[in-house]
Amino acid sequence: MPPQPAQFLVTGGAGFIGSNFVRHLVEHTDAHVTVLDKLTYAGDRTTLADLPPGRVELVEGDIADAALVDRLVADLGDDGVLVHYAAESHNDNSLSDPSPFVQTNLVGTYTLLEAARRHGTRLHHISTDEVYGDLELDDPARFTESTPYNPSSPYSSTKAGSDLLVRAWVRSFGVRATISNCSNNYGPWQHVEKFIPRQITNLVDGVRPRLYGAGANVRDWIHADDHSSAVLAIIERGRIGETYLIGADGEHSNLDVVRLLLRLMGRDEDDYDLVTDRAGHDMRYAIDSTKLRRELGWEPRYTSFEEGLASTVAWYREHEDWWRPHKEQTEAKYAKAGQ
Ligand code: NAD
Ligand code: DAU
């Protein structure tokens, strides 16, 4: 086994998936973790509040702030690792205002890459399966590491651009980087704008779930804990310059997810509303994670989507104080869009 890194700098570590990874590092390594997070509407220091202050330090700042990034990357030292989660992450927001997506996802990633180049720092870049575009419902194919890029939305195109920047910095400047493209995550601490927390919190409020279009679109769900264990495996054992797809064989239509939530929350399975579809809505995502499993021996821990979803429902029921302040404003945005 290669020695474990002693220092991590995690961008976006106060968001949904980034904070899950910080928690994973605290539980599974002895490393010190610095989080760089702008604390946008999607970031929240309470996601890290219960972690030991000696192990985790939060720096509030922007990944596009070159001076701040340079100082934090320099502080990592020779064996530190920069793990890049920070992004504008919601497709619907990218349709109403693409500008922060271009700034954070492209300029921010460029700023981190330049610092990694100057200091010779190992970087892992977190990306999404959406860079590959979408699949037809009846297509037997799934995305692999060699699927051509074909993003659809301002969000996914800026993520695709950020991946291409990383690849270019590896090839042109020898930056020691890996990339992972993961499917749809679910679990605790996800913002109520996203599909699963939106429907759970609607149901808590006695409001019917809202399905875009006919609810036929398919997403490939993975628990955020499994995403984190895969990222650590890639950092510890992945090959520099390589891309790894992360997925847990969790394909479900949106309608099936809503029906399951309704059942888990004691409601009639037909108790949902169909609303205005998302513009350019990708039909289906599906990940083939053979490379990650064969090369690095990774396996997901959550093999039952129903059990993972039930524990997520329980978490949202117990953490209303966390999501409640965001709910009204989020729903007001959706109401404006007829959703
Ligand atoms: P999120 O929106 O919950 O969190 C994003 C975090 O980044 C927030 O804490 C926010 O404050 C921070 N941030 C935003 N702009 C910043 C900036 N300019 N400087 C510093 N911090 C900034 O997102 P998430 O769902 O946790 O996604 C995290 C990463 O994982 C993203 O790169 C996303 O593309 C990728 N990803 C997400 C999923 C998913 O299903 N959610 C799946 C695959 C990949
Ligand atoms: O595939 C990985 C991607 O998954 C990540 O890169 C993104 O950051 C993450 O947000 C997610 O993107 P999606 O657009 O797939 O996720 P979202 O939660 O927005 O929507 C999931 C599906 O549910 C999608 O088909 C749209 C639909 N939907 C969404 C909402 C909010 C509804 O039907 N109703 C809703 O109210």
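Author: This is a predicted model.

Reader: Which helix gives the most to the domain 1 side that touches domain 2?
Author: Helix α3, residues 91–96. That helix puts in 4 residues.

Reader: And how does that side split by class?
Author: The side of domain 1 touching domain 2 has 5 nonpolar, 6 polar and 2 charged residues.

Reader: How many salt bridges between domain 1 and domain 2?
Author: The count is 1.

Reader: OK, aspartate 92. What does it form a salt bridge with?
Author: Arginine 278. The closest N and O atoms are 2.7 Å apart.

Reader: Back up a bit. Where are the domain bounds?
Author: The domain assignment gives domain 1 as 7–186 + 221–246. Domain 2 is 195–218 + 252–280 + 303–334.

Reader: What separates the centres of domain 1 and domain 2?
Author: 26 Å, taken over C-alpha atoms.

Reader: How many residues are in contact?
Author: 13 residues of domain 1 contact 19 of domain 2.

Reader: Now area. What's buried between domain 1 and domain 2?
Author: About 1,200 Å². Carbon and sulfur atoms give 57% of that.

Reader: Which three residues supply more than any other three on the domain 1 side?
Author: Asp92, Tyr186 and Trp221. Together they supply 48% of the area that domain 1 buries against domain 2.

Conventions: Residues numbered from 1 in each chain as written. Chains lettered and ligands numbered in written order. Predicted model: local features only at pLDDT ≥ 70, side-chain atom pairs only at ≥ 80, totals over all residues. Heavy atoms only, no water. Domains from an automatic or database assignment. Contact = heavy atoms within 4.5 Å. Buried area = accessible area lost by both parts, 1.4 Å probe. Salt bridge = Lys/Arg side-chain N within 4 Å of Asp/Glu carboxyl O. Helix = DSSP H or I, 4+ residues; strand = E, 2+ residues; numbered from the N terminus. Nonpolar A, V, L, I, M, F, W, Y, C, P; charged D, E, K, R; others polar.
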